[in-house]
Amino acid sequence: MMEEDINALLAGYARAPEPETLNRLTEHFLPLSRQVAAKFYGRGAEMEDLRQVAAMALMNAIKRFDPDKGVKFTTFAVTTMAGEVRNHLRDKAALIRPSRDLREKAAQVNKITDRLAQQLLREPTVREIAGEMNITPDELLHILDSREKLEVASLNEISGEDDRALEERLGQTDGGYEAVEQRDMWQWIMRQLTGQEQLLVRLRYV
């Protein structure tokens, strides 16, 4: 569809929200929602989940869009979809559970380490522990590395000389990370616009 037709559909839907018009607009902008979802892939969520979140956000953007405010729909929609995907990653992405085999091997490492320490009267070496488990030292290091990454401390756990909980020791969230992400998204949005549209956006918002 031509841009004029899309703008007419958006304006018509704003005046009279019909399900058929919503479906046509959603289908037209679905590739855009998939582009937004793809930008967040690799952060702990499946691509299909990201696409579904972006598609739902796209529909909400269509429903909330007001043509009279003078903002280009793609700019409004991309910002809306990116925000929803970020919220999904922040609130819904689950921690990766270790495999049963890895958990069993980690428990075995602990038992063998304690037994060897009692026998040798010192901390056993990596080679000694690996030899007891009939695995290579590299495999043992992988198990140890995975175990450390999967151990999660409670925020309410009391530690340290001042008896403060871990949550009281944590620093504040650095807002710089979100600023960098927003700048990247802003640059991506601007690349989707024509030169004249970029100028209008900069004059209005910058």
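How many helices and strands are there in the protein chain?

## Overall architecture

The protein chain holds 10 helices and 2 strands, where helices (H or I, at least four residues) and strands (E, at least two) are DSSP runs numbered from the N terminus. Along the sequence these elements follow the pattern α-α-α-α-α-α-α-β-β-α-α-α. This is a predicted model, in which local features need pLDDT of at least 70 and side-chain atom pairs count only at pLDDT 80 or more, while totals for chains, interfaces and linings use all residues. Residues are numbered from 1 along each chain as its sequence is written, and side-chain values use heavy atoms, with hydrogens and water left out.

Of the 206 residues in the protein chain, 29% are buried, a term that stands for under 20% relative accessible area, with exposed meaning over 50% and partly exposed lying in between (1.4 Å probe, protein chains only). Among contacts (heavy atoms within 4.5 Å) between residues at least 6 apart in sequence, 50% join residues at least 24 apart.

## Packing around helix H4

Helix H3 (residues 47–64) and helix H4 (residues 73–91) have axes that come within 8 Å and cross at roughly 135°; axes here are lines fitted to C-alpha atoms, for helices over the stretch in contact, and angles run from 0 to 180 degrees between N-to-C directions. H3 and H4 are therefore oblique to each other, since angles under 35 degrees count as roughly parallel, over 145 as roughly antiparallel, 65 to 115 as roughly perpendicular and the rest as oblique. On the H3 side the contact includes Leu50, Val53, Ala57 and Arg64, and on the H4 side it includes Phe76, Thr80, Glu84 and His88. By class, this contact of H3 with H4 has 13 nonpolar, 2 polar and 3 charged residues, where Ala, Val, Leu, Ile, Met, Phe, Trp, Tyr, Cys and Pro count as nonpolar, Asp, Glu, Lys and Arg as charged, and the others, Gly among them, as polar.

H2 also packs against H4, at an angle of about 45° and with the axes 10 Å apart, which makes H2 oblique to H4. Phe29, Leu32, Ser33 and Val36 of H2 meet Phe73, Thr74, Val78, Met81 and Ala82 of H4, and the residues of this contact divide into 7 nonpolar, 2 polar and no charged.

## Two nonpolar cores

A nonpolar core is a set of buried Ala, Val, Leu, Ile, Met, Phe, Trp, Tyr and Cys residues joined through side-chain atoms within 4.5 Å. The largest has 29 residues, of which Leu25, Phe73 and Met81 touch the most other members, and the elements that give two or more residues to this core are helix H1 (3–15), helix H2 (19–39), H3, H4 and helix H9 (176–191). Leaving aside neighbours within four places in sequence, Met81 is in contact with Leu32, Ser33, Val36, Ala54, Ala57 and Leu58.

A second, separate core of 12 residues includes Leu102, Val109, Leu116 and Ile129. Ile129 lies in helix H6 (residues 126–133) and counts as buried at 8% relative accessibility. Between Ile129 and Val109 the C-alpha to C-alpha separation is 7.3 Å, although they are 20 residues apart in sequence.

## Positive phi in two loops

Most residues other than glycine have a negative phi. Leu121, in the loop between helix H5 (100–120) and H6, has a positive phi near 60° and is exposed, with a relative accessible area of 77%. Asn134, in the loop between H6 and helix H7 (137–150), likewise has a positive phi near 60°, and at 71% relative accessibility Asn134 counts as exposed.
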